[in-house]
Amino acid sequence: MNPRFSPGSRVLVKNDWPEERGPCHIRTPHYLRGRAGEVERVLGAFRNPEDLAFARPAETRVLYHVMFDQPGIFPADGKQPDKLLVEIFEHWLEAA
Amino acid sequence: MSNPARAESIAQLERLVAALLAKGVVSEAELAAQQASTDRASPETGARMVARAWLDPEWRAMMLKNGTAAAEAMGVSMAGAPPLGVLEDTAKRHHVIVCTLCSCYPRAVLGYPPHWYKSFSYRSRVVREPRAVMAEWGSPVADDVELRVVDSTADYRWMVLPLRPAGTEGWTEDQLAALVTRDVLVGVALPKLPA
Amino acid sequence: MSDTDHTPAIHDIGGIQRFHCTPVEHDEEPPDAFGKRVDALRQTLARKGYMTVDELRRGIESIPEAEYFALTYYERWLRSIELLMLEKGVVSREELK
């Protein structure tokens with residue numbers, strides 16, 4: 001495992017919508033696409049569920065726990081100082 | 001919602017099971033053994049882990065570092081189960097767990113997920129308005145406490161290590177474990193002393 | 001943002017408006033016999049290498065919207081398991097009649 005990011009890294013979740021292009025299985029919730037967060041911890045490497053879901057050969061990918069400002073994502077209902085903490089695979093993240 | 005399964009679904013299941021039995025893919029004995037094993041998992045395991053963490057700093061440190069190893073130490077077989085992570089509450093931070101995409105749940109240490117955990121309303125609302133959900137549940141969160149909503153999206157399963165309530169000094173592990181309900185382990189409730 | 005610019009997949013319901021005003025029901029009933037049997041079947045098939053949990057999810061996510069919300073939780077699982085067993089040729093349509 002050779003993680004590209006480490007705890008404290010600022011990251012951006014890709015604003016990508018593969019579900020609009022055809023059948024797929026992804027583990028990145030819609031509400032985080034295009035959002036900036038901070039890596040809380042590296043969780044390890046796991047086989048890519050996007051391939052496992054279709055019984056394709058699946059490479060391992062680094063999985064991170066990424067923290068987001070909750071009212072930044074849900075401004076109408078969110079409250080400071082709340083956070084969202086979500087597992088996100090490395091191929092969904094870019095440096096912010 | 002725990003609406004009963006419709007007769008046609010029960011028939012559909014039995015047709016599928018019959019075909020799988022006929023081809024030797026599964027056996028009734030395997031299904032029964034699997035169900036018995038799933039039935040044995042219970043939130044008492046998670047509660048015991050928490051009570052021990054409140055009493056034993058070394059156990060606490062180990063459990064926070066490696067929840068899977070802590071579950072194994074409780075006699076739970078974690079072979080083939082997703083890794084378990086334990087999230088530590090403090091006086092200024094509380095965690096609540098959800099799976100917005102499906103129903104990921106730390107079954108090995110909590111048993112079957114309850115219906116509400118799998119419900120569309122819980123999955124949808126708790127990331128958006130966690131304080132409203134917590135308040136409806138009878139556990140309002142103070143303004144100065146940071147609420148961390150943990151969306152269990154991938155390969156880990158999560159449980160909460162809550163703050164030990166005041167007034168439990170000198171309590172035994174059994175007494176403490178009794179305060180730790182399934183809802184407390186998910187984080188939708190906080191441990192409460194009996195009235 | 002996502003509520004307006006894009007339509008999330010059917011299962012991807014975190015934060016969506018549709019359930020915003022629906023209280024979370026305190027339903028404490030354990031799964032019924034049907035649910036437990038579907039659950040045991042899913043785990044047994046996974047343990048024996050016939051399917052993965054990722055495939056189960058993909059199958060559930062492919063259920064058309066009207067049915068997705070009408071079926072119960074374990075009915076969705078059953079629908080997906082059956083789809084996968086057919087897709088993989090473990091059983092045939094003929095054998096399910």
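Good morning. I shall begin with chain C, whose secondary structure consists of five helices and zero strands. Please bear in mind throughout that this is a predicted model. Along the sequence, chain C reads α-α-α-α-α.

I turn next to the overall dimensions of chain C. Taken along the principal axes, its C-alpha atoms fill a box of roughly 45 × 35 × 25 Å. The radius of gyration of chain C is 16 Å, whereas a compact globule of 97 residues would have a value near 13 Å. As for burial, 41% of the 97 residues of chain C count as buried. Among the contacts in chain C with a separation of 6 or more, 53% are between residues 24 or more positions apart.

Let me now move to chain B. Chain B is divided into two parts: domain 1 covers 11–39, and domain 2 covers 43–186. Taken over C-alpha atoms, the centres of domain 1 of chain B and domain 2 of chain B are separated by 32 Å.

How many residues of chain B are in contact with chain C? There are 43 from chain B, and they meet 44 residues of chain C. On the side of chain B that touches chain C, at least two residues each are supplied by helix H1 (7–22), helix H2 (28–40), helix H7 (115–118), helix H8 (120–128) and helix H9 (130–136) of chain B. H1(B) provides the largest share of that side, with nine residues. Sorted by class, the side of chain B that touches chain C comprises 21 nonpolar, 13 polar and nine charged residues.

Thank you for your attention.

Technical notes
Residues numbered from 1 in each chain as written. Chains lettered and ligands numbered in written order. Predicted model: local features only at pLDDT ≥ 70, side-chain atom pairs only at ≥ 80, totals over all residues. Contact = placed C-beta atoms within 7 Å. Helix = DSSP H or I, 4+ residues; strand = E, 2+ residues; numbered from the N terminus. Nonpolar A, V, L, I, M, F, W, Y, C, P; charged D, E, K, R; others polar. Domains from an automatic or database assignment. Rg over C-alpha atoms; globule rule 2.2 N^0.38 Å. Buried ≥ 20, exposed ≤ 12 C-beta atoms within 10 Å, placed from the backbone.
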